[in-house]
Amino acid sequence: MPPSHAAVSSLSLQALRAARPTLWTRSGKAATSASALAAAPFSLADVQAAHDRFARFSPLLAQLFPELEESAGVIESPLLEAAAMQQALGLPATSGRLWLKADHALPVAGSIKARGGIHEVLEFTEKLALERGLIAPGDDIRKLGTPEARACFAQYQVAVGSTGNLGLSIGVIASALGFRAAVHMSSDAKEWKKARLRARGVEVVEHQGDYEKAVAAGRRQVEADAHGYFVDDERSASLFLGYAAAALALRDQLAQAGIVVDAEHPLFVYLPCGVGGAPGGIAFGLSLLFGAHVHCFFAEPVQSPCFLLRMMAGNGELPGVPVPPSVYDIGLTNQTEADGLAVPRASELAYEAVGQLLAGVYTVADDTLYGDLARLHDSEGLRIEPSAAAGFSGPRLLLGSIAGQQWLRQRKLLPHLPRATHLAWTTGGLFVPAEEYDRFLNRGQGFAANPQAPTDATSLHHSRRA
């Protein structure tokens, strides 16, 4: 007989409090439903508008960034098959094929944050330019690269609170357009990211404490500045839609690769999660395009499972814990080498948009992140940062755990696994300094020999309806 709801909730909470890798899945009816999408705060038209904004600005982006000349200003990453990594992870061919969406190689900012961060600055820039008469609708967007436009933008400050990668994307695009840029960073942000920002002329404001405190401090400072604009990672619709636009590009890439997504060819997507905006936007966009045939899982560090806690709270599985919950509420430290994922509380905007669409959330130990980083280097020759390795535990847990097998059986997906596509989204790493990457790799080599060793919590995984 299956365990009771209370027993399962207790078991899951025990595993989370002990910082053991855990898989939480939604059981019952398909996670993606027309009613959930209809109730979401955004639509396909909103996603398309973000995609169109990137297209409008592409001539200016090609002018501002030499690395975009070849792509005519398009900021996009490749879709890569990863057969060697699949073998290194011990994933059988009968379970489908492993692919990577290589956002670790996104130009300009070097991470997934280039999508949302650059989109929001472009949206603010366009609105300001229209208000100030720098352009009229339909004008050549390259007018915004003129000295006149830059002089106007220099009157304004664009600021953000970040642990690193979002700050890099905001700082790089804002300073390139001529804005004064400031990034409020938590004490756990990497030194090389701070140095890279300062080299771009971006003001770096350091705060004691975690990501949440850095965001709050930045928000307060900008509220007092009449010419200040704050990019709010916890609440921003513009960021969310910039990420969601990635789904449109991926749809085209899947088609070009001959990858079918339908009932007999399911698509499983594994997305590293911090506050939830980036993976939430992508999961939302993919749900709009592929409906019940795409199954999105968020990946979080064992010490920072903020979105998993929010999902459990929404399901009534955290009695006595405040809502929305923080990882500190259950005794976790929020300390992880995956700095971009070190977030104590999930974005309510992201939860509202995708809380009813996710297939599940799982947690990963730092040692596993390093081991998978080394496996990817050795098998595919790709360089990522630790947080970007979180996606690789997804297929391993889904296919190899009791909870994963139960969920696949409930959803009648087991017969279709040989034709499935597993897509790990690698989210950052392009600009990691060589000496920093060597440190990652050296640590990871010790865990890379046995792909199953870091994942030893199979008996603790569980499934519940959300």
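**A walk through the fold**

Of the 466 residues in the protein, 62% are buried, where buried means under 20% relative accessible area with a 1.4 Å probe, protein chains only. This is a predicted model: local features need pLDDT of at least 70, side-chain atom pairs count only at pLDDT 80 or more, and totals for chains, interfaces and linings use all residues. Residues are numbered from 1 along each chain as its sequence is written, and side-chain values use heavy atoms, with hydrogens and water left out.

Start with the whole chain. The protein has 18 helices and twelve strands. These are DSSP runs numbered from the N terminus: helices are H or I with at least four residues, strands are E with at least two. The radius of gyration is 21 Å, close to the 23 Å from the globule rule for 466 residues, so the protein is as compact as a globular protein of that length. That radius is taken over C-alpha atoms, and the rule is 2.2 Å times the number of residues to the power 0.38. The C-alpha atoms fill a box of roughly 70 × 45 × 45 Å along the principal axes.

Now zoom in on one helix pair. Helix α3 (residues 44–64) packs against helix α10 (residues 237–244) at an angle of about 80°, with the axes 8 Å apart. Axes are lines fitted to C-alpha atoms, for helices over the stretch in contact, and angles run from 0 to 180 degrees between N-to-C directions. That makes α3 roughly perpendicular to α10, a label for angles of 65 to 115 degrees. Asp 46, Val 47, Ala 50 and Phe 54 of α3 meet Leu 241, Gly 242 and Ala 244 of α10 in the contact, meaning heavy atoms within 4.5 Å.

Note on methods
Angles under 35 degrees count as roughly parallel, over 145 as roughly antiparallel, 65 to 115 as roughly perpendicular and the rest as oblique. Buried means under 20% relative accessible area, exposed over 50%, partly exposed in between (1.4 Å probe, protein chains only).
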